[in-house]
Every structure is written in structure tokens, then in C-alpha cells.
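Colleague: I'm new to reading protein models. Could you walk me through one, feature by feature?

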Amino acid sequence: MREHSALDRLVAPGGIRPLYQPIYMLGEPAMPPVLFGFECLSRGPAGTNFEKAPVLFDYVRLKRQEALVDRICVATALGELPLLDPVTRVCLNVHASALARDHGFVDFLSHALDDSRLYPGRVIIDVVHPDAMYDGDGFRAAVARLRDLGVAIAIDDIGSGAANFKMLLDVAPEYMKLDRGIVSGCHSDPRRRAMVESLVALAAKLDSAVIAEGIECDDDLMMIELLGVDIVQGFLLAEPMSGRETPQHFISSIAV
Amino acid sequence: MMVLRSESSPRYRILIVDDEELIVQAMKKYFGGLGYDVDTAFELEEAQALLANNCYDLVIADLRLTGVGGVEGLQIVSDVRQRYAGARVILLSAYGTAEIERESYQRGADAFLHKPKAMMEIAQVSVSLLENS
């Protein structure tokens, strides 16, 4: 048997690597997009299966250690966060199950934001894998405390099956993040367009802003803008990058 | 020596699951040398996370992944069968009783091999299952 499990290695110092993917706000036609914020992403050690985020987080969920690993991801992401413009948002991914089960998570987050001198109004808590756990007392209490703290809430994976309409009613998120599975290819697929259009209309009625993930080609970007989405993220615009790379990227993007 | 793969064989993707690091490394090297794309896992949950995010033609798993008394390999057989009807799965064990062997076939294993087995024998069974799938 191996002396250390993969989980031991992931939770050891340096086991989780933070990456930052820019999110952009589309402006007036012919104007370049402006930086809206960064989504903080996490990867396991290079050269392992956990370098791929879906494998990393499926493994962590199967081990039922998402609360512990979410804390580590938040701490490492904030620890290596580059200096940003004071209005730039910071999007942190947290499992619904971690919010539901880890009753100290919001206090932990509050201290972590203090330590990073990050004003909570700039922070978006992106609730991932919300399907099973959003409908419980622990989750509801955590959402109430997040609102008291002053952070905004996004629901991830809208359209993927992991997020449902009742949850949108119960959580009333400030942001709805459309899953790349419905965004990618919308320029050539009328069914995807219909879905995006309907979700944009729904978000407007629920007072949520829409963030489209998975923008990977110019045609999708153009179509998503025509469909009324003005906050976008994807490899076409910028790939996830390390903390050291972000300031240069930010500078070059606003100099276009 | 038996020819294990011909030039026209498709490039199969396989997953090897065993808690013994040296065995995993040796099997990865051997099957990689035969031209297969090889992923490896050391724990049940790591294997399950890989199965959830990739498609495999063949899974070779050890029965025991957590020391004395473990039968995690049976769970892997069930998971493979649930996800991919067409995938092949081989269970390896140094401790397999007739009862466990029977259960592995009931869950959908294509072969149950008793350790120790030479790499060549495991590869012959693998090729036979893949070429006849």
C-alpha cells in the first residue's frame, strides 16, 4: 500500500495550486471588453490525475472532504491573489455541501478576507454542485450568513443538471453562471440559443445577472452578446493563469 | 512470442487500479509499450473519479485496495458495468475465494485472474477481451 493517500498529498502544503481566470464585461459595440473579475480555480499537483479539476473535485466529493478542500482552495487562492484594481471582483468556488456541513466556513471566510484585505463587497461566492445540498437548514443558514458578511452569491452550472429552478428561487443569487454545455456552440445551434435566451429572460425577472462560461470562439461570443449576456468567461478571452501572470494580463487587456 | 497488437489495432484506453505503486508503474510501462493509452489510480475513489470523467475500453483492477479484507475491486466492476456496457473489466486478486470470484462475474467482470500472474498473461487476456469486444 502507498504510505500516503492522494488526499494526504492534496491537503499538504502545495497540494492545491491556485489559478485565476479573468471574467470580462462586454461594453458598447466596438469597444474592448473590460475586466469584471477573476474566478479562482484550483488544480491538484502537476503530473497527477488531480491536475484536471473535474477529477480532483469528483475525488474530493467521493472522499466527502469537500469542506476541508474548499477551505484550502480559498486560502491558497486568496494567499496568491495578485494585487488587483479595487473594483475587480474575486469569484471563489465553494461546494453547496461544504456550506451545508461546515458550520464554521463563513467565519473562516470572513477571517480569510480580512487577512487578505479584501472587501467582501468585491467577492462572489460561486456555489458549485448545488444539486443535493441546497435544500437544507445548514445551507440556508450559511447563505444567510454570507449575505450578512456582504458577499454576493452565484449559482454555478446553470443548465447542466446540477442546478435547478427551485434553488434559484430559494437562494436568489446575484449571478447565474450558465454552464459551458449550453453556451458552447450556441452560434450554430438554435436549441442552445433558445435555452440561453430563456435563461437570460428568467435571470432578468429574478434580478440576477448572467455570466456565460465556456466562450471558446468568436461566433459564440458574438451570439451570446446578441442574446443579452454581458458578462463572459472562456478560453477565447483568457485561459486560467497563475497569480504571477495575472497583473501583466490585466495591464495588456486594458491597453487594447 | 504471441503478437499482442497489430498495426491495425485501435488505440485502446485502459485504466489500471492497484494500491501497490510498483505494480501500477510496471503495468503502465508494459501496456504503454503495447501502444495503449494508460491511466492509473491507487484508490477506489480516484478510480471512480476517473471513470466519471473518461471513457475506457478496459479496466484492470486489484480486488483489494485498502489492505486486509478490502474488496473495493468489486465496486469498480459494478461502476464500470453501470457506466459503460461495452467496456471490459478484469479483476486481479491474490486473495480471491470462489465466492468472491463468483460475485465478480455476477457484477459483470469479464475475467478474474489469480495473482501472481505474469504481465504477459494479463496482457494476453486483455488483448483477447478487447479484440473480441
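Modeller: Let's go through the strands, the helices and a couple of single residues.

Modeller: Some ground rules come before that. This is a predicted model, where local features need pLDDT of at least 70 and side-chain atom pairs count only at pLDDT 80 or more, while totals for chains, interfaces and linings use all residues. Residues are numbered from 1 along each chain as its sequence is written, chains are lettered from A and ligands numbered from 1 in the order in which they are written, and side-chain values use heavy atoms, with hydrogens and water left out.

Colleague: Fine. In chain A, how many strands close into a barrel, and in what order?

Modeller: General idea to begin with: strands (E, at least two residues) and helices (H or I, at least four) are DSSP runs, numbered from the N terminus. Two strands pair if DSSP finds at least two bridges between them. In chain A, 8 strands close into a barrel, in the order β1-β2-β3-β4-β5-β6-β7-β8, and the pairing is mixed.

Colleague: Where do I see that mix?

Modeller: Follow the strands along. β1 (residues 17-25) of chain A and β2(A) are antiparallel, with 9 bridges, and A:Q21 sits opposite A:E39 in β2(A). Then β2(A) and β3(A) pair in the parallel sense over 4 bridges. Across that pairing, A:F38 faces A:V90 and A:C40 faces A:L92. Next, β3(A) is joined in parallel to β4 (residues 123-128) of chain A by 6 bridges, where A:C91 has A:I124 as its bridge partner. Further on, β5 (residues 152-158) and β6 (residues 175-178) of chain A are parallel too, over 3 bridges, with A:I155 partnered by A:M176.

Colleague: How many residues of β2(A) are buried?

Modeller: Buried means under 20% relative accessible area, exposed means over 50%, and partly exposed is in between (1.4 Å probe, protein chains only). By that rule, 9 of the 10 residues of β2(A) are buried. For β3(A) the count is 5 of 7, so this strand is largely enclosed by the rest of the structure.

Colleague: Can we zoom in on one residue? Is A:E66 buried or exposed?

Modeller: A:E66 is buried, at a relative accessible area of 5%. You'll find A:E66 in helix α3 (residues 66-79) of chain A. Setting aside residues up to four places away in sequence, A:E66 touches A:V60, A:R61, A:H95, A:S97, A:A98 and A:R101.

Colleague: And which side chains does the side chain of A:E66 make polar contacts with?

Modeller: A polar contact is a pair of N or O atoms within 3.5 Å; within protein, one must be able to donate a hydrogen and the other to accept it, and residues adjacent in sequence count only if both atoms are side-chain atoms. The side chain of A:E66 makes one with the side chain of A:S97 at 2.7 Å, and another with that of A:R101 at 3.3 Å.

Colleague: Over to chain B. What order do the strands of its open sheet take?

Modeller: The order is β2-β1-β3-β4-β5, an open sheet of 5 strands with parallel pairing. β2 (37-41) and β5 of chain B stand at the edges with a single partner strand each, so one side of each has no neighbour in the sheet.

Colleague: Last one: at what angle do α2(B) and α3(B) pack?

Modeller: Axes are lines fitted to C-alpha atoms, for helices over the stretch in contact, and angles run from 0 to 180 degrees between N-to-C directions. Helix α2 (residues 44-53) of chain B packs against α3(B) at about 10°, their axes 10 Å apart. Angles under 35 degrees count as roughly parallel, over 145 as roughly antiparallel, 65 to 115 as roughly perpendicular and the rest as oblique. The two helices, α2(B) and α3(B), are therefore roughly parallel. Residues that meet there include B:L44 and B:L51 in α2(B), and B:I76 and B:V80 in α3(B).

Note on methods
Contact means heavy atoms within 4.5 Å.
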